[in-house]
Amino acid sequence: MEANMSKRKEPGRSLRIKVISMGNAEVGKSCIIKRYCEKRFVSKYLATIGIDYGVTKRTHFARLMTMRYILITSQKLHFVYLSFYLKVRNEFYKDTQGVILVYDVGQKDSFDALDAWLAEMKQELGPHGNMENIIFVVCANKIDCTKHRCVDESEGRLWAESKGFLYFETSAQTGEGINEMFQTFYVSIVDLCENGGKRPTTNSSASFTKEQADAIRRIRNSKDSWDMLGVKPGASRDEVNKAYRKLAVLLHPDKCVAPGSEDAFKAVVNARTALLKNIK
Ligand code: GTP
Ligand code: MG
């Protein structure tokens with residue numbers, strides 16, 4: 001971290017925060033920051049070449065924080081920046097307190113790519129890099145483009161919250177969610193600094209299990225009712241009922257608060273009904 005931790009505990013002291021924004025090209029990383037810092041939206045696409053850099057100052061609880069934003073584009077290996085960028089790449093990831101992971105809700109690829117962005121960061125930080133003392137916020141951006149939306153809120157929220165990350169629905173165009181996202185992000189970063197560099201457990205990450213999150217994802221991606229219940233096509237009534245009971249206990253709305261669990265539970269009920277109709 002850039003500032004000395006012990007100094008951070010003194011009230012009113014200035015904090016210097018380094019934030020990295022990551023995500024595929026054109027998802028709106030630059031526009032989100034522009035919307036917050038300059039209160040405006042630029043509809044013309046100007047790709048960030050290599051790395052962009054900006055600074056803003058915000059007062060939070062009478063404490064001055066300097067946010068250094070670094071944007072990393074998906075066009076990571078761009079001409080003039082290439083050698084410079086490759087040589088110092090891990091320097092950019094190092095000493096980061098906050099990461100904004102952005103995807104476009106109308107581009108499934110950009111959502112699927114978040115795992116790769118995280119993996120890249122982890123790799124660049126190396127075995128001694130600690131991701132636990134970084135606050136991550138996921139921005140599901142371009143929510144104003146409702147017609148093209150293909151990643152719904154529960155899917156994005158489930159991914160983020162199962163990793164203990166914050167999740168916000170944003171539109172850099174209308175400004176929706178942007179201030180709330182940055183406000184919560186700042187508060188979490190300050191808390192993290194004052195907690196001695198440990199990421200606080202978010203409510204949601206503590207409230208559902210990996211097994212529940214995995215089951216919801218599997219149900220969402222299943223190709224038919226057999227697949228949804230996790231049984232082989234042609235399975236017996238008993239096998240269907242057994243698989244159903246297991247999922248029903250795992251995902252029952254009284255027991256499971258994971259994003260998307262209600263829809264997953266309904267889908268499982270419907271799958272069982274459909275299968276039992278056709279099994280003698
Ligand atoms: P790179 O720098 O290439 O990595 O892209 P970026 O992620 O910084 O994207 P940028 O912010 O430049 O936005 C890409 C395009 O999406 C631009 O044409 C923006 O006007 C548009 N855009 C960004 N955010 C939104 C949004 O919330 N809604 C809509 N409708 N368009 C947006
Ligand atoms: Mg950009």
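Reader: Let me check the rule: rings of Phe, Tyr and Trp (its six-membered ring) pair if their centres lie within 6.5 Å, and planes under 30 degrees apart count as stacked, over 60 as edge-to-face and the rest as tilted. So which residues do ring pairs link into a cluster here?

Author: That's the rule, and the cluster is made of Y103, F111, F136, W159 and F165. Before we go on: this is a predicted model, where local features need pLDDT of at least 70 and side-chain atom pairs count only at pLDDT 80 or more, while totals for chains, interfaces and linings use all residues. Residues are numbered from 1 along each chain as its sequence is written, chains are lettered from A and ligands numbered from 1 in the order in which they are written, and side-chain values use heavy atoms, with hydrogens and water left out.

Reader: Good to know! How many aromatic pairs does the count come to?

Author: The rule gives seven aromatic pairs. Take F136 and F165: their ring centres are 4.4 Å apart and their planes meet at 20°, so this pair is stacked. F136 sits in strand β5 and F165 in the loop between α6 and β6, so to speak distant parts of the chain, 29 residues apart, linked by the pair. (Helices, H or I with at least four residues, and strands, E with at least two, are DSSP runs numbered from the N terminus.)

Reader: And are F136 and F165 buried or exposed?

Author: Both F136 and F165 are buried. That word means under 20% relative accessible area, with exposed being over 50% and partly exposed in between (1.4 Å probe, protein chains only).

Reader: New topic: how many salt bridges does the count come to?

Author: Eleven salt bridges. Each one is a side-chain nitrogen of Lys or Arg within 4 Å of a carboxyl oxygen of Asp or Glu. As background, side chains of opposite charge can pair when their charged atoms come close.

Reader: Which residue forms a salt bridge with K108?

Author: E155 does, and the closest N and O atoms of K108 and E155 are 3.9 Å apart. This pair links distant parts of the chain, with K108 in helix α4 (residues 108-112) and E155 in helix α6 (residues 153-162), 47 residues apart. K108 is partly exposed at 32% relative accessible area, whereas E155 is buried at 14%.

Reader: What about R149, which partner does it form a salt bridge with?

Author: With E169, where the closest N and O atoms are 2.8 Å apart. R149 lies in the loop between β5 (135-141) and α6, and E169 in strand β6 (residues 166-169), so the pair ties together parts that are 20 residues apart in sequence. R149 is partly exposed, at 27%, and E169 is buried, at 17%.

Reader: How far apart in helix α9 are D214 and R217?

Author: Three residues, so about one helical turn of α9 (residues 210-220) separates D214 from R217. They form a salt bridge with the closest N and O atoms 3.2 Å apart. D214 is partly exposed at 32%, as is R217 at 26%. Elsewhere, salt bridges that share partners join K108, D112 and E155 into one network.

Reader: Last one: how many residues surround ligand 1?

Author: There are 25, the closest being K29, Y45, T48, D144 and A172; a residue is near a molecule if one of its heavy atoms lies within 4 Å of it. They divide into ten nonpolar, ten polar and five charged.

Methods
Ala, Val, Leu, Ile, Met, Phe, Trp, Tyr, Cys and Pro count as nonpolar, Asp, Glu, Lys and Arg as charged, and the others, Gly among them, as polar.
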